[in-house]
Structures are given as C-alpha cells and as structure tokens.
Amino acid sequence: MDQQKLAALLLESQTPNTDTLKAVTATLQQNYYNHPESLFLLVEIIAAHENLGVRQQAAVQAARLVPKHWEKIAKDQKAAVRQHLVQATMREPSAACRHAESRLIATIATLDLEDGEWPELLPALFGLASNSEVGQREVGSYIIFSLLEANPTCFHEDLAKLLQLFSHTIHDPQSADVRINTMMSIGAMLLMFEPEEDEQSVVALQALVPSMVNVLKDAVTTGDEEKTNQAFEVFQQFLAYESALLGKYLKDLVQFMIDLASNTQADDDVRSQALSFLAQTVRYRRMKIQGMKDMGQQLTLKAMVIITEIDDEEDDDEMGPARSALALLDQLANDLPPRQVIVPLLDAFTKFATSEDAGYKKAGILALGTVVEGAPDFIASQIKTIMPLVINLLNDVDVGVRHTALIGLSRLADDIAEELSDFNEAIMTALVKNLQAATVDTADAALKKKNVEIIRSVCGALDSMSEGLDAEFMKKYAGELVDNIGALVGHEDYKVKVAASGALGAIAESLGEDFTPYFEKTMTALGAYIGVKGTDDELSLRSGVCDSMGRIASAVGAQTFQPYVLGLMQSSEEALHLDNSRLRESSFILWSSLAKVYEKNFAQFLPGVFQGLFESLELEEEEITLKLTEAEKGIVGTDEEIITAGKKVKLRKVDDDDGDAMDDEEEDEDWEDIGVSPEALEKEVAIEILGDVITYACGGAEITQYLEKAIEMIAPLAEHIYEGCRKASIATLWRAYARVWQLMEEETGSSWEPGLPLKQPPTVTLVKLGEIVSKATLAVWHEDSDRSLKRIYANAENPSVITEINRNVAATLKACGPAILAQDDMMKEIVTVIGTIITRSHPCQQDLGDEDEDQEVEGSSEYDWLVIDTALDVVIGLAVALGPAFSELWKVFEKPIMKFAASESENIERSTGVGVIAECASNMEAAVTPFTGKILTLLLKRLSDADQETKSNAAYATGQLILNSTDSNTYLQHYETILRKLEPMLQIQDARIKDNAAGCLCRMIMAHMDRVPIADVLPALVGLLPLKDDYEENTAVYQCIFKLYEASEPTVQALTPNLIPVFEAVLGTPTEQLDDETREIVRRTVGVLFAAKPDLFNGHPAVLKLAGIA
C-alpha cells in the first residue's frame, strides 16, 4: 500500500470538482480505507506531509477509521502509533490540524481506556495541561477537551482532579486558547455531575462560572469570533442539565447577558447570541427566571428597547439583535405569567406608541403583536386601552410605521379577532385608507417596494380578522373590498396575488351566504390560477387559491358551490403529484373544508381522498443527519443528540463508510426544523385532515371500508419523534372513536348512561378501537414533555401534546360516556396523569433537567395554564361520564381543585377552580351532599370576589350545589346571605354575571320555594329575560318558571304578560338558546297558559305558532 499515492489522492480530493471527488473517493474507499494498514499510512502523513490540508484531512479520516480497524492492530504496533501521533500533534504548527489530530488521539484513547490500555495517557495529559511551556498547555488542554467530548466517562475517577486543574487553567495568564479549551472541557463534562450525590464537585464547578464569564468577556473584547461562539456554546450546554450546576450564578449570568445584549457598541452577532441564550434560558429555566424578582420585567423592557433598532430594509431571515429580541419576547410571553411580561409591556406600549421616534412606534406594535400568541386572554382583557393606540399607528404619517402596525394588527387578529370587533369600523377605515394609498402609482422605487408590502399586509390583516368580522358589518364594505382586492389577484407580484386570494377567502368567510352576489366573479378571478404549474411562485399561488376556494365553499354552502366541486377536486388530486409539499397540504385542507360542507354527500370523492392521505402517511422519512457547528451544538445539543421540544433526541450517526473524504469540510445548509423531516410535517397535516374526513364525511359504510387501515397507519405515529405527528395522531384516534360511537347510537337509537359497570355495552369494533386509542394515549400521556408552539397549519390553534390529549379525552368522555373507562387500567391511569398535571408535576411542566425537583412557583403563563385547564376539563368529563359515582374520585381531586378556587394571586385559577366545582356538583347530583359544607364555605367567599369571572362562576356553582345537595341544614342557614350577594349581580353586565345569578336564583327557588321572597325577586328576574350570554342557564330559568306556574304562584301569574314576549324570543332564533328538553318545557308552559287564558295571547300569534299550538 503506497503512502505517497494515498497522500496524492488526499491532495487531489481537495479539488473542487465533483467528478474528480467521486472518483478519488471511490479509489480511497476501495484500495485503502477497507484495510487496517491505511491507519498507519494516515498517521505517517499526519506526521510528515508538508501540505496542511492533507495533514488535516488525514487526521479526520483516520478518526473515522479507528472504530473499524484499531482493534485489528497488534498491541506493539499500537504503542508506536500512539507515540508517533502524540509527537506529531505536539509539534504541529497549525491549530486546525492540531485540533484534528487531538480528536484522533481522543478517538483512539476512548477505545484503549475501555480495554484497560494506554494507562499512561491521562497522567501525561494532566502534566501537559499544567506544564510551564504555553505550547504544551495548549495541546494538553485541547486533547483533554477532545477526550471529554468523545467519552467523558474516561475521567470518571478523576473528576475532582479535573476541577482542580481547571481552576488554574481557566485563568491561564498567557494563552486564550488554554482558557477557552478549559471552558469547552467544562461544557463537555457536565453530564458527569450528580448534584444529589456529589455536592462538593458541584460547588467546585459553580466556582468556575465567574471565570467562564470572564473568558467570554475577553473573547468579545478582543473580537475573537470563534472563541466567542465557543464560549456561548458552553453556557448553552448548561441549560440541558440540572439547574444546580449553575446554582446561584444563573441570575448573574442572565444579568450579564442582558447587559451584553443591550450594549449597542458590541458586535451585532454577539448581541444576538446573548439574546438567544436568554431566550433558551427562559424556555428551559422558566421556573428559575419566574422566581427571580423583576427579572421578567427587565427582560421585557430591555428587549423592547433593542427592537427599536429594527430597520425597514432588514432581511426577515437575518437574526440581528432586533429580531433576536422579538424572539426573546415571544419566549417570555409563552413561558412566564402575564404579570411578569405583559403588564410591563403594556405599560411601556403607551409610551412607545406615542413617541415621536418612528423606531419606538414600530418596536411597540411589533412587541405587542409578538406576545399576543403567548397571552391572548390577558391582552384581550386590555383591548379597550390598546386598540386606540394601534389605530393611531395604522394612520401614522410614516409609511414604515403604518406597515409595521398592519403586521402587528394581523398578529393580534390571529389570536383575538373576536375581541377586536368593537373597533372594526375604525380598523376597516384604516385598512381601506392604507390600501388606497398603496395602489397609487409612483416613480419612487423604494416607495413602490414599500407599497407592495403594505398591500400584502392589508390583505393579511383582513385574512386574520375574518373570525371577528360579522356579516352585517362586512356588508357595508363588501362591494368595494371585493372589487379592489379582486383586482389585486392580477397584480404583477406573485406574493400580492397570494395575499389577495387569502383576503377574498376571508371576506367570504365573514359574509357567509351573503357572499353569494360576489361568488361568480370571485371564482372566475381565482379560477385562472387553480391549474397553474411550473415555477415555485406559480405553485405557491395555486396553493393560496386552493385555500381561498375552500373558505368560499364553507361560506356560500353546498348548493351554490356545487358547480365547482368536481373540477376543484380533480385539480387538488392532480396537485398531489406536482412535487410541492405546501400545495399538497392545501389540497388536504380543501378536502377538510368540502367534507364539512357536503358531509355524507362527499362520499363520491372519498376513494381519492383516502388514497391521497394514505400515500402521505406512507412517505418514507429520511433520517435526519446533522453535522453541527460548535455554536449550533451549544444551542441544540450534539451531532448525535439534540434538544428539541424540551427533550433530548437521538440522531443517526454517519456511517464510517458514508460520504466522501471531504464531508467534514463541506458547509452545511441552514436548518430550521431540527430533527423534523418535510415528510413528517406533511404527515402532521394529513393526519389532522384524516380526522376531519372521518368525523364529517364518513357514515357506517365508509367506516367499514376505510377505518381499519386508517387506524393501522395512524396509531404508530402517536410515538413519532415529531410532536406535531404525536399530537395529530392521538387527536385523530380519539375523534375516530367518537365518530364510531356516534354512528352506533344513531343506528341503535339509544344513548349512553353515566356510571360503571356499563349499562350499554359498546360494539366489538368500538371495544377494539378503544384498546388502540387507550394504548396509544397512555404511551405518551404520562411522559411527553413537548412545549412547542408550532402551528399545524395557518390560523390553527396549536396546543402542546398533553393539552391536545386532555381536550380529546374530555370531549370523548362528555360525548360518549364511560365506555372508554372500561378499558384495562384506563380509569386508574387517567386519574394518575391528571393528578400530576393539576399539581404541576408533569414532565411538560418542569424545567429541562429538573424533572424530579419541586419547582412550584406562583402563577403560570397562559400556555402552561392551558395544560392545567384542559386537565381540569378531563375531571369534568369524568364527572359527566360517571355521574353520582364520581363522588369517589372527587375525594382524589378535591384538594388541588379547592386550592385553585382559593387562590389569592391568580384570578384565572380561582374562576376555573370554581367552575370545575360547579360542573362536578351538577353531575354528582345528590352524591355531592357529603361535601356541601366545605364547598359552600368557599363559594360564599367567592360570591364577593373582586374578579367578575370568578364571581359569575361562584353564582353558577352555588345554584348547582343547592339544587343537588340534600344537606339543607347546612345551606339553608345561608340563604339570606346568598340572596343578598346575588342581588347586585343582577345589574352587572360583564362575564355572564346576570345570567348566572339568574340561574342561581331559579335553582334556589326550585330547591326551597318557601325560603325565597318570590314577590321581590321574580320581577327583577323576569326583567332580565331573555338571557343573552349564557344560554345554558335557560334550562334552570324555564324549569323554575314552569314549576311556579304549576304551584299557581301569584307573582308569576301576574307577570305572564311580560313573559309571553320572552317565550316568543327564546322559541325563535337563535335556536341554540334552548336545548330540546328546555324547548319542550317552554312549549308546555305556553300551552298551559293558552288553555287557561287564551286572551292573554291576543297580538302574539307567533309564539303560539312556535309552540306548535296554532
């Protein structure tokens, strides 16, 4: 085997010619790398070749071959190789080559030390790293780092010795290389620490943190980009392990990063990395950040100031300080309670929005738009003070401010469109004004470009606002908007065309059937693009048009849209084969829309629909192989293991024989969705749409034909590495179960009854399906730690995996009853996992690395509260499904629920806790009796709560408790107190208080008519009717009125003329005012009254007709 020929081939492999590279690689693999002797030759080349690139490449390739060939080499030869290699490394003048050779030494040492060989290495390394000669310290410290990185357990008996060494080398007075090598070594050894078992080592590690900060400071000051990146990487690595490793220094480190990020004299990349570290810290150490006094506020306000630096011309893909600060704000809003982030942000927003500086105006609205997804409820509660400022920004004289305000408005509308409805007039006026100004021709190239952005942003705002624009309002603007935006579909800019098509779909969605006059011309305008193919721009436009047509179909209804269905379905099926993932997803979403519109009449298209969705689910997913830079490893992990969605994920290693000899030298392409393949993203959408199709378009025959294969394909994806697939899979399994149950009830004509054992046995198909659903759910429910916020598709709410499971379990229990609880251990498992969630001890509620630590702090972000809120909904689902038998489980859940209801710090905890008590009391019926005293004591306090939502829920809960409990001795003594507290509630407009107070009064009357001053109460009650906000309370109201008539109560008889128009109103529209049972009660009431005194109904023929009498 020829050493010179091998060296020549390595030199030739560095030629930037693909054909040459392939040929050289093939020769190297076939003639050299398959033979152990190649290792000897590579080491000789490392030691003697004059070309730096060849030496470095030889070291890289030798490290790859060591696992394959080292064990085949004789022991005496190994010793010579080691000595030769170490000597070569010591005299290597190039740092890059020296590092590659050090990694080769580490690769060999990992194998040798495991086999008890090369015992002299570690003592020699300690000696080198503490040598008086700086060059030897640099080599020794880097080899130690390489060995720790390759296999830190090699030093498992020398941890204290390493820490002692590092306490000196981290301060090396002569070499920045030694200092950074030490810091990287510390990062590589973090997994060796066990805080609970070796506290002394942890203390020694913590003592090094201030010195590590100094290493970063020095690198920043000297402008050394590589060392700066390496230092940031080490601090990022700390976030993947127990927080005890940083201990008290975390706060100091965070403060240092805040100051660095805020320093406008520092390099932009350095500031961006500091902001990235802060965002990651908020994500993975949110409990610690939340516990630091005023830290959330400081981070928020400093981020807002940094955002003022944003440049109108800045590339959206460039993560400069301003955009990094927006990412930090986003993380803060998602992970910290609103009082720590949103409150200070809104306080500052007024100053920013009214500033004379355009940069502050833009920063204010961008900050607001960024945080709304993380705290929609809180921001919605403050919308009356926010929106006047936003509207002023939409009308600002500065075109850049207006453009930014449009972006901010779109983001607000994405999450709280309905809450913006009071301001729709002013918003629409501003949108029209901006659109008109942007469509005026101009010779100014910069203004023309900005006008295109304005047009797209106006269309985007309309698109986002669709859910909050009712038909009556939109009728005033529809003609003008459809004409102006319809014309933009022919704009020269493809992105404008896409935005315009989306806006047309939004207008249709808001108008509903009132869009019909504009239907034909809109379909004609859009139809020109439904079959385009070719460039990416054309396919993107086709995708947008497909989305818009689905929304139009939902608006105008089945009959009006019918002429276009066949052609559109053919186009959508063709789109599956145009090699464009976004277009395929648009086809899937279109199928969902049409399935909802046509329901069982969509059956003719189901063969093609299921085939397309199944083909997507059968896509082979490429294994994700990442070659990360040092900085990237610091943020997400290593080449073999990354941190994503709050968990460590193993990745496939590159096989020794994979790729060519230059792989390590090639630059990697940018990657965004770490560890997630495009196929997985497409599967996520396909699974979601499959659930829609099964739910809306499948009858018994289609279930028989397609369900088994669908479940077979979906169930394994419940444990997919990508959280989006896990979530969609489990949701669709539960939806399928609910649909099959619904079809069974339709077929048998019977409904489930609460309690176990089951009174209505499920079919064999349902039992089998229930087993699959339960197994898939329980495999994920206990342990999944996903906290990601990616959306499945545009405008879709995106909960965590656990939240999605909670929602589906709760909905199924309420819709299908207790059958699923009869699965083996299902009841026990549900109780266990819900118990962990509502006590905030589930893995998804813990900081990364601290899952076993008590991390309770006061308050939650809205995102984290959603996990608890949906878990409490499962508790309600159990109460619904079990009925009176739930009383045994109430004993399990009572303490945490009562704790929420008694919270003094968080309104949302009190209001939700009280609401859960109400629902549980209602479903337990008389079985709630033993708990009456304890519950009533709490409710009496909550009836005077300062929070209106809590007060409203307390009225509802009090009524349910009194109506269902048989412990009258306990609650009757408080009747007067309760009535006194309810009286002022009948005048309060907010939070459904009037309706819930009315319901409570009616339940109190039904429970003990003799204990309520009906002559005083009933006129005020009737004056509130018909109820406008909480239709559920109509059941209690009209049951009560019927009973009063049955008892010939004189007050209600005197109020009959007042009640007849009320009966007419609730028997009319909207039909959802009354459920079927209550509607029948009202009809009976009308019938009894008409039979007794028909003259009372003179002038009210409509009510008699609605009651089925005339």
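The questions below concern charged residues, salt bridges and one annotated repeat in a predicted model.

In this predicted model, local features need pLDDT of at least 70 and side-chain atom pairs count only at pLDDT 80 or more, while totals for chains, interfaces and linings use all residues. Residues are numbered from 1 along each chain as its sequence is written, and side-chain values use heavy atoms, with hydrogens and water left out.

Q: How many salt bridges does the structure hold?
A: Side chains of opposite charge can pair when their charged atoms come close. A salt bridge is counted here when a side-chain nitrogen of Lys or Arg is within 4 Å of a carboxyl oxygen of Asp or Glu. The total for the structure is 37.

Q: Is arginine 271, the salt-bridge partner of aspartate 268, buried or exposed?
A: The two side chains meet at 3.9 Å, N to O, and both residues lie in helix α14, 3 residues apart, about one turn of the helix. Helices are DSSP runs (H or I, at least four residues; strands are E, at least two), numbered from the N terminus. Buried means under 20% relative accessible area, exposed over 50%, and partly exposed in between (1.4 Å probe, protein chains only). Aspartate 268 is partly exposed at 45%, whereas arginine 271, at 1%, is buried.

Q: Which residue forms a salt bridge with arginine 992?
A: Arginine 992 sits in the loop between α45 (975-985) and α46 (993-1007), and its partner, 43 residues apart from it, is in helix α43 (residues 948-964). Arginine 992 counts as partly exposed at 25% relative accessibility. The closest N and O atoms are 2.9 Å apart, and the partner is glutamate 949.

Q: What is the N to O distance in the salt bridge of arginine 942 and aspartate 945?
A: Arginine 942 is buried, and so is aspartate 945. Their side chains meet at 2.8 Å.

Q: Which residues gather in a patch of negative charge on the surface?
A: Asp and Glu count as negative, Lys and Arg as positive, and His and the chain ends are not counted. A patch takes residues with over 30% relative accessible area and no salt bridge, like charges being joined within 9 Å and nonpolar side chains (Val, Leu, Ile, Met, Phe, Trp, Tyr) within 5 Å. One member, aspartate 269, lies in helix α14 (residues 268-284) and has a relative accessible area of 37%. The patch consists of Glu225, Glu226, Asp267 and Asp269.

Note on methods
Areas by Shrake-Rupley, 256 points an atom, 1.4 Å probe, with all protein chains shown as cover. Charge placed at Lys NZ, Arg CZ, Asp CG, Glu CD.
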